[in-house]
Amino acid sequence: MFSFLAFFVGFLLLGALSGFLAGLFGIGGGMVIVPVLVYLLPTLGVPDSMLMSVTLGTSFATIVITTFASTQRHYKLGNIDWQALKYLAPSLMVTAYIAGSFISHLDRDIAIKIFAVLITYLAVKMFMSIKQAQQNKPLTPAVAILGGVGIGLAASSAGIGGGGFTVPFLNSRGVSIKKAIGSSAFCSMALGLASTLSYIVHGWNVPNLPNYSLGYIYLPAVIGITLASFFTAKLGAKAVAKLPVPTLKRYFACLLIVIAIDMFLK
């Protein structure tokens with residue numbers, strides 16, 4: 001009993017951190033949640049053969065609630081570009097749901113390395129954009145749909161909300177960094193919802209899952225993480241309005257590099 005309570009406290013602390021980052025950077029928090037769950041879940045009885053499925057499914061479930069809180073706050077601050085999301089968000093959701101049927105079966109090491117390479121590239125690109133003039137490339141329907149498919153596939157393979165990809169993508173298409181972060185929060189929520197449904201459906205009635213699981217969703221972790229993250233996500237979203245754009249980009253890029261290094265080392 002004590003051990004379970006200790007893990008639950010750990011889930012609360014993880015939720016507090018991931019929630020603040022979700023609100024501050026428009027990410028779903030999965031960049032932090034996935035590495036920690038990969039470490040914790042085996043000690044709670046999750047079989048190694050199901051580790052990535054349960055980790056990804058649980059991460060997406062927490063993303064829905066975390067990003068709902070930050071999206072709500074960004075909406076009140078006027079930081080969501082609905083026109084930019086017209087085609088991007090639906091393509092993200094469809095891709096994420098379909099990907100959930102097979103992406104969880106990828107080899108864990110391969111998925112981690114792909115993830116680390118992609119976010120390293122995005123971090124470098126974000127650093128370079130700090131001193132470069134914005135090119136303001138047009139966000140056409142075709143570009144938005146292709147972007148949604150690409151981001152959906154990349155995010156699904158890593159159990160993240162896709163903010164690490166969505167923010168640079170929107171920013172490179174003329175959306176201001178603050179609106180890119182707010183719009184990314186909405187996209188992360190939509191992607192998380194579609195992925196959660198996919199992992200519930202494809203994990204339904206699968207034998208040997210741990211107690212208190214809903215498909216590939218481990219509910220105690222979801223509850224602990226989201227209890228804290230729901231509140232800290234709003235704090236992160238408030239902080240966006242007080243930070244200058246170059247500083248926000250620099251912090252975001254540093255976050256991506258730290259996570260990429262951690263993934264490579266593991």
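## An exposed asparagine to start with

Let's begin at the surface: asparagine 208 has a relative accessible area of 62%, so it counts as exposed. You will find asparagine 208 in the loop that links helix 8 to strand 1, the latter spanning 213-214. Please keep in mind as you look around that this is a predicted model.

The backbone here deserves a glance. Most residues other than glycine have a negative phi. Asparagine 208, however, has a phi near 70°, a positive value in a residue that is not glycine. Tyrosine 212 sits in the loop between helix 8 and strand 1 as well, and its phi is also positive, at about 65°, although it is not a glycine. With a relative accessibility of 61%, tyrosine 212 counts as exposed.

## The chain as a whole

Reading from the N terminus, the order of elements is α-α-α-α-α-α-α-α-β-β-α-α.

Of the 266 residues in the protein chain, 55% are buried. The chain exposes about 11,600 Å², and carbon and sulfur atoms supply 70% of that area. Contacts also reach across the sequence: among those between residues at least 6 apart, 82% join residues at least 24 apart.

## Helix 2, largely enclosed

Helix 2 covers residues 30-40, and nine of its eleven residues are buried, so the rest of the structure largely encloses it. The buried positions in helix 2 are Gly30, Met31, Val32, Ile33, Val34, Pro35, Leu37, Val38 and Leu40.

## Helix 8 and helix 4

Two packed helices are described by the angle between their axes and the distance between the axes. Helix 4 (residues 82-99) packs on helix 8 (residues 177-202) at an angle of about 20°, and their axes lie 8 Å apart. An angle under 35 degrees counts as roughly parallel, and helix 4 and helix 8 are therefore roughly parallel to each other. Their crossing is right-handed.

Which residues of helix 4 and helix 8 meet? From helix 4 come Trp82, Leu85, Leu88, Ala89, Leu92, Met93, Ala96 and Tyr97, while helix 8 brings Ser183, Phe186, Cys187, Ala190, Leu191, Ala194, Ser195, Leu197, Ser198, Val201 and His202. Sorted by class, this contact between helix 4 and helix 8 has 15 nonpolar, four polar and no charged residues.

## Helix 8 and helix 3

Helix 8 also packs with helix 3 (residues 51-76), here at an angle of about 145° and with the axes 7 Å apart. The crossing of helix 3 and helix 8 is left-handed. On the helix 3 side, the contact is made by Ser53, Leu56, Gly57, Phe60, Ala61, Ile63, Val64, Thr67, Phe68, Ser70, Thr71 and His74. On the helix 8 side, the residues are Ile181, Gly182, Ala185, Phe186, Ser188, Met189, Leu191, Gly192, Leu193, Ser195, Thr196 and Tyr199. By class, the contact of helix 3 with helix 8 has 13 nonpolar, eleven polar and no charged residues.

Is serine 195 buried or exposed? Its relative accessible area is 0%, so serine 195 is buried. Setting aside neighbours within four places in sequence, serine 195 is in contact with Phe60, Ala96 and Ser156.

A few C-alpha pairs show how the chain folds back on itself in space. Histidine 74 belongs to helix 3 and, at 0% relative accessibility, counts as buried. Histidine 74 and alanine 241 are 167 residues apart in sequence, and their C-alpha atoms are 9.5 Å apart.

Valine 124 lies in helix 5 (residues 108-129) and is partly exposed, with 40% relative accessibility. How many residues separate valine 124 and cysteine 254 along the chain? The count is 130, while the C-alpha atoms of valine 124 and cysteine 254 are separated by 9.4 Å.

Leucine 265 is located in helix 10 (residues 245-265). With a relative accessible area of 71%, leucine 265 is exposed. Leucine 265 and lysine 113 are 152 residues apart in sequence, with 9.8 Å between them in space, C-alpha to C-alpha.

How values were computed. Residues are numbered from 1 along each chain as its sequence is written. This is a predicted model: local features need pLDDT of at least 70, side-chain atom pairs count only at pLDDT 80 or more; totals for chains, interfaces and linings use all residues. Side-chain values use heavy atoms; hydrogens and water are left out. Buried means under 20% relative accessible area, exposed over 50%, partly exposed in between (1.4 Å probe, protein chains only). Helices (H or I, at least four residues) and strands (E, at least two) are DSSP runs, numbered from the N terminus. Contact means heavy atoms within 4.5 Å. Accessible areas come from the Shrake-Rupley method with a 1.4 Å probe; for residues, only the protein chains shown count as cover. Axes are lines fitted to C-alpha atoms, for helices over the stretch in contact, and angles run from 0 to 180 degrees between N-to-C directions. Angles under 35 degrees count as roughly parallel, over 145 as roughly antiparallel, 65 to 115 as roughly perpendicular and the rest as oblique. A crossing is left-handed if the near helix is turned anticlockwise from the far one by less than a right angle, and right-handed if clockwise. Ala, Val, Leu, Ile, Met, Phe, Trp, Tyr, Cys and Pro count as nonpolar, Asp, Glu, Lys and Arg as charged, and the others, Gly among them, as polar.
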